[in-house]
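Please read them alongside the coordinates.

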Amino acid sequence: MTNLVEVRRDGAIAVVVIDNPPVNALKHGVRLGLMEAFTGARNDAGVDAIVITCAGRTFVAGADITEFGKPPQPPSLTDLIALLDATAKPTVAALFGTALGGGLELALGCHFRVAAPSARLGQPEIKLGLIPGGGGTQRLPRLVGIETALRMIVSGDPIRAPEALEAGLVDAIFEGDLTAAAIDFARRAVADKRPLRRVRDMEEKLEPMRARPAAFDDLAAEVTKRARGLAAPAAAVEAVRWTLDVPIGEALERERKKFVELRDGDQSKAQRHIFFAEREAAKVPDLPATAKGREIARAAVIGAGTMGGGIAMCFANAGIPVAVIEQGQEPLARGLDIIAKNYRNTVARGGLAADEMERRLALVNGTTDFGAAADADIVIEAVFEEMDIKKKLFAELDRLAKPSAVLATNTSYLDVNAIAQATRRPQAVLGTHFFSPANVMRLLEIVRGAATAPDVLATAIALGRKLGKVPVVVGVCHGFVGNRMLRARSIEAERMLLEGALPQDVDGAIRAFGFPMGPFAMGDLAGLDVGWRIRKADGTRAEIADALCEAGRFGQKTGRGFYRYEEGSRTPVPDPEVESVIGAASARHGIERRSIAREEILERLIFPMINEGARILEEGIAARPGDIDVIWIYGYGWPIWRGGPMYHADHVGLPYVCDRLATYAASSHDDRLAPAPLLTRLASQGSTFGALKTPAKSA
Ligand code: 3H9
C-alpha cells in the first residue's frame with residue numbers, strides 16, 4: 001500500500017482515505033493505492049461497505065493534470081470505476097471542498113454520495129480543453145438528467161451541495177464530521193439492505209429527452225453559443241448525446257477515445273499551459289516568503305466614473321465595505337446610479353438574488369467627503385489619466401490616509417514611480433490596473449513601483465484573488481505589459497489601413513484567429529477620444545484615428561467611428577465615409593493602395609506584439625512569458641485555446657517569427673519591428689520562450 005492511500009477500519013466499514021496534498025489529484029500512485037484498497041475491501045469478508053474520502057482540505061479535485069503529457073500508466077480511473085461497479089458491497093463517497101473532474105467521476109462510480117454543506121461538485125474539464133474522460137458524460141446525465149448535466153459539463157462551473165442534493169447528485173448533506181456521517185450512512189445502507197444503485201444502470205432521467213430528441217438540439221445550441229473556436233464544447237455535446245441512443249459500454253469507450261484525442265490536441269495543451277501559468281503568475285520570484293499581506297477590512301475608491309464604479313462593485317461583491325468618493329454631488333449620484341443599475345440588470349438576468357443585491361449595495365457608501373479615505377486599509381484612485389491631477393491627489397492622500405494604508409493608482413499607462421514620489425511613503429504605493437468593465441474582467445495588472453514594499457505587494461496580490469481576479473505583477477513602463485503590447489498592434493493596424501486594408505479586413509482577420517473583437521471595433525467600443533487625448537498629451541499621432549476624432553467620430557457613443565452604428569445597435573457597419581478618410585490619408589502619403597492577404601494581416605498584428613513581449617521580458621517588466629500570456633487571455637480576449645502570444649510564438653516557431661519581423665521591419669522602415677535581442681537569441685539557439693528560466697532578465 002502506498003502512503004498516498006490509507007485504509008482504516010471502523011467496525012465492518014472500510015474507510016479509504018486519499019492523502020495527496022494539496023488537492024488529492026489522482027496521480028499514478030493514488031490510482032495504484034486505490035486499486036489495492038478497493039480490491040482488498042471487496043475480498044475481505046469482514047468488510048460490509050466501503051467509504052471513500054480524503055485527507056486535507058478537499059475531496060479529489062481531478063486527474064493529475066501534470067501527467068497528461070506523459071505516457072499513461074495503469075490502472076486508469078476507468079479501471080478503478082469498473083472495479084467499484086463490480087463491487088457488491090455498498091460504496092459511499094464523502095464529498096467536501098471541491099469534488100471535481102475525475103474526483104467527481106470516482107464518486108459517480110460509487111453507489112451513494114454524501115456531502116458537506118459547503119462542498120462544490122463539478123466537471124471542469126472543459127476549461128482545460130477536455131471532456132470528462134472517466135465516465136462523467138454518461139453517468140452524470142443518468143443521475144441529474146441531461147439538461148443539468150450538459151450545462152455543468154459545458155460551462156465547467158461547479159454546483160454547490162444543496163443544489164447537488166436537489167438535482168439527485170448527492171443522497172444526503174451532513175453538517176459536522178463528514179467521515180463519521182458517511183460511515184453511519186454506509187452502516188445503515190447495510191442494515192436496511194438498501195438496493196445498490198449502479199449509476200450506469202439508471203435510465204429513468206434520460207427518458208424525457210429520449211422522448212423529445214429535438215429538445216436536445218435546442219439545448220445544445222444554447223449551451224455552445226459562446227464556444228466559438230473551441231473544440232471541447234462540441235465534443236461534450238456529442239458525448240452527452242450518446243446517452244440518448246448508444247449503449248453505455250460503447251459510449252464509455254467512445255468518451256475515453258474522444259478524451260484522449262482532445263488531451264493530445266493543441267487546444268488542450270494551450271489551455272493547460274494557461275492553467276499553470278495563471279497559478280505561477282501569483283508567485284513573485286523575489287518576494288520574500290516573510291512578506292505577509294495586510295488585512296483589508298475597508299476600502300475607498302476615488303472617482304465614481306466607469307472604472308471607479310466597477311472597482312467599487314468588486315469590493316462589494318467580495319463583502320468588503322467601500323467608500324466611493326467623488327468631488328461633486330452630481331457625478332457621485334450618476335456613478336452610484338450606474339452601480340445600482342448594473343446590479344439590477346444582473347438580478348433581472350437571474351445572476352443574483354435581490355436580497356444579495358441589497359446586501360452588496362449597502363456596502364457601497366458614496367460620499368463627497370475626501371476624509372472618508374482616512375478609514376480605508378486600501379485607497380484606489382480611479383480619476384482622470386493626468387499626471388498632475390494624480391500627483392496632487394496622492395499628496396493629499398499621504399496627509400489623510402492611515403499609516404498602514406495601501407495607496408493604489410488605477411492608471412493604465414502612467415509612471416507609478418512619479419505618482420509614488422508625490423507622497424512621503426512611496427513604499428505604500430503601487431498600481432492596480434483593472435480592465436473595463438472592472439466588475440467583469442478577470443485581469444488585474446499589479447504595478448510594482450521601485451519603492452513598493454514587499455508586504456504592500458503581497459497585500460495587493462491577496463486582495464486581487466479575494467476580488468476574484470487573476471493578479472499579475474508587472475513593472476513600471478509606459479502602458480505596462482498589456483497596453484504596451486496593444487500599442488505595438490495598433491500602430492501596425494493603422495499602418496495597414498494606409499497601405500490598403502479596411503477596418504473590416506483587419507478586424508475580420510483577428511476575429512477569425514479567435515479574438516471576440518478586432519482593434520477597430522474595440523476602439524469604437526472604448527471611445528476613440530480616449531486614445532486621442534492620450535496621444536495629444538504625448539505629442540504622438542495616429543493619422544486615421546485622429547482624423548476620425550477631428551470629424552467628431554468617437555465610436556459607438558457618437559454612432560460613428562471606424563464603423564457606423566444604427567440607432568440602438570452595437571453592430572459595426574462598414575462606412576464609405578471612413579473609406580474616403582483612409583483613401584485620402586493613403587493619397588497624402590503617396591501610397592498606392594494594395595490588397596493585403598489575411599495571413600499578412602494576422603502576422604503584422606500579432607508578431608509585433610510578440611516582439612514587444614520579448615522586450616518586456618528583457619527589461620524584467622514581466623517575470624515570465626506565461627505572465628504575458630495570462631494578461632492577454634484575461635484582459636484582452638486572446639483566444640484561450642491559442643495559449644497567449646508568447647506560447648503562440650513558440651507554437652509558430654521563433655525562427656519564422658524573427659524572419660517575418662525582419663522582413664516587415666525592412667519594408668516599413670520601422671526599427672521597432674526588428675526582432676528584439678531576446679527573440680533573436682532564442683530563435684538562433686533553437687530555444688523557446690517556454691524554456692526560459694525565470695526571470696528572463698537574468699537569463
Ligand atoms: C480530469 O479530471 C480528467 C478526468 O475527467 C478524466 C481522467 C481520465 N492536477 O488552484 P490552486 C495544483 S482533468 C495537478 O492554487 P485553490 C495547482 O497547480 C482535471 N495539480 O488552489 C497548485 O499547484 P502549485 C479536472 C493540480 O485552492 C495547487 O494544486 N480538474 C490540480 O485556489 C493548488 O491549486 C480540474 O480541472 C490537478 N488536477 O483551488 C481542477 N489541481 O501550488 C483544477 C490543482 O504548485 N484545479 N493543482 O501552484 C482547480 O480548479 C483548483 O486548483 C482547485 C483549488 C479549485 C481544486
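This is a predicted model: local features need pLDDT of at least 70, side-chain atom pairs count only at pLDDT 80 or more; totals for chains, interfaces and linings use all residues.

1. Residues are numbered from 1 along each chain as its sequence is written, and side-chain values use heavy atoms, without hydrogens or water.

2. Helix α28 spans residues 654-668, which is 15 residues. Helices here are DSSP runs of H or I with at least four residues, numbered from the N terminus. From first to last C-alpha α28 reaches 21 Å, close to the 21 Å expected at 1.5 Å a residue; the expected span is 1.5 Å times one less than the number of residues.

3. Which residues of α28 are buried? They are Leu654, Val657, Cys658, Leu661, Tyr664, Ala665 and Ser668. Because these residues cover an arc of only 135 degrees around the axis, they sit on the same side of α28. The arc is taken from the directions from the helix axis to the C-beta atoms. Buried means under 20% relative accessible area, exposed over 50%, and partly exposed in between (1.4 Å probe, protein chains only).

4. The cover over the buried residues of α28 includes α19 (482-499), α25 (598-618), α27 (645-652) and α29 (677-684), with contact meaning heavy atoms within 4.5 Å. On the face turned away from the buried side, α28 carries the exposed residues Ala666 and Ser667.

5. The salt-bridge count comes to 50, the rule being a side-chain nitrogen of Lys or Arg within 4 Å of a carboxyl oxygen of Asp or Glu. One network of salt bridges links Glu492, Arg495, Glu499, Arg594, Glu600, Arg604 and Asp670.

6. Glutamate 280 pairs with arginine 624 in a salt bridge, with the closest N and O atoms 3.9 Å apart. Glutamate 280 lies in helix α12 (residues 266-281) and arginine 624 in the loop between α25 and α26 (625-636), so the pair ties together parts 344 residues apart in sequence. Glutamate 280 is partly exposed at 36% relative accessibility, whereas arginine 624 is buried at 7%.

7. In the salt bridge of aspartate 575 with arginine 553, the closest N and O atoms are 2.7 Å apart. Aspartate 575 is buried, with a relative accessible area of 10%, and arginine 553 is buried at 2%.

8. Arginine 564 forms a salt bridge with glutamate 566, the closest N and O atoms lying 3.1 Å apart. Arginine 564 is partly exposed at 31% relative accessibility, and glutamate 566 is partly exposed at 44%.

Definitions and conventions:
Helices (H or I, at least four residues) and strands (E, at least two) are DSSP runs, numbered from the N terminus.
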